[in-house]
Amino acid sequence: KLVDGDGNLLGPDADEHDVAIATDLGLLRDEVERSPLDGFYRQTLQAQRKPGTATVSVTVDGEDAGAVPVTFEGDAGGCGCTASSPADTLAAGALCALVALLSLRRRREVARG
């Protein structure tokens, strides 16, 4: 979520920012999308069957905005789907933390600038 210098959510008329999300494990699906209603930039991280820890990082307008670890539990031989796995829940929580980190970083930059 990107905010202005006063901590207010960027509205629907605000300039777009180049937000890129990357991971070294799992699969990022689709493209990064910005919701004009809540200001969040989103991209889906798909878990994989192989367990491990992914590093999910964000850049905003070419500048590093932070990273968080996301742990994949792996497939324990269940139904073969990942839609309801603990890894998906963890990934969603980690991405929320990443968005919060991004927001705080942008606030600090604006305050210094």
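Visitor: How many residues lie between the strands in the hairpin of β4 and β5, and which residue there takes a positive phi?

Guide: Strands are DSSP runs of E with at least two residues, helices are runs of H or I with at least four residues, and both are numbered from the N terminus. Two strands are said to pair if DSSP finds at least two bridges between them. In this hairpin two residues sit between β4 and β5, and D61 has a positive phi near 50°. The two strands run antiparallel and are joined by nine bridges, with V60 standing opposite E63 in β5 and T59 opposite D64 in β5.

Visitor: Before we go further, how should I treat the numbers and values you quote?

Guide: This is a predicted model, in which local features need pLDDT of at least 70 and side-chain atom pairs count only at pLDDT 80 or more, while totals for chains, interfaces and linings use all residues. Residues are numbered from 1 along each chain as its sequence is written, and side-chain values use heavy atoms, with hydrogens and water left out.

Visitor: Where is the place of G62, and is this residue buried or exposed?

Guide: A residue is called buried under 20% relative accessible area, exposed over 50%, and partly exposed in between, using a 1.4 Å probe and protein chains only. G62 belongs to the loop between β4 (52–60) and β5 (63–72), and G62 counts as exposed because its relative accessibility is 65%. Although G62 and A20 are 42 residues apart in sequence, their C-alpha atoms are 8.2 Å apart in space.

Visitor: What is the order of the strands in the open sheet of three strands?

Guide: The order is β1-β4-β5, and the pairing is antiparallel. Since β1 and β5 stand at the edges with a single partner strand each, one side of each is left without a neighbour in the sheet.

Visitor: How many residues lie between β2 and β3 in their hairpin?

Guide: There are six residues between them, and G39 in the turn has a positive phi of about 75°. Five bridges join β2 to β3, and these strands run antiparallel; L28, for instance, stands opposite L45 in β3. Strand β3 (residues 41–46) also shows two faces, a covered one with Y41, Q43 and L45 and an uncovered one with R42, T44 and Q46. Q43 counts as buried because its relative accessibility is 14%, and a polar atom of the Q43 side chain lies 3.1 Å from the backbone oxygen of D30.

Visitor: How should I read a salt bridge, and which residue forms one with R34?

Guide: Side chains of opposite charge can pair when their charged atoms come close. A salt bridge here is a side-chain nitrogen of Lys or Arg within 4 Å of a carboxyl oxygen of Asp or Glu, and by this rule the count comes to one. R34 forms a salt bridge with E16, the closest N and O atoms being 3.6 Å apart. R34 lies in strand β2 and E16 in the segment before β1 (19–23), so the pair ties together parts that are 18 residues apart in sequence. R34 is buried, with a relative accessible area of 14%, whereas E16 is exposed at 56%.

Visitor: Which residues is R34 in contact with, leaving aside its neighbours within four places in sequence?

Guide: Contact means heavy atoms within 4.5 Å, and the partners of R34 beyond those neighbours are L10, G11, P12, A14, E16, F40 and Y41.

How values were computed:
Polar contact = N/O pair within 3.5 Å; in protein donor to acceptor, adjacent residues only side chain to side chain.
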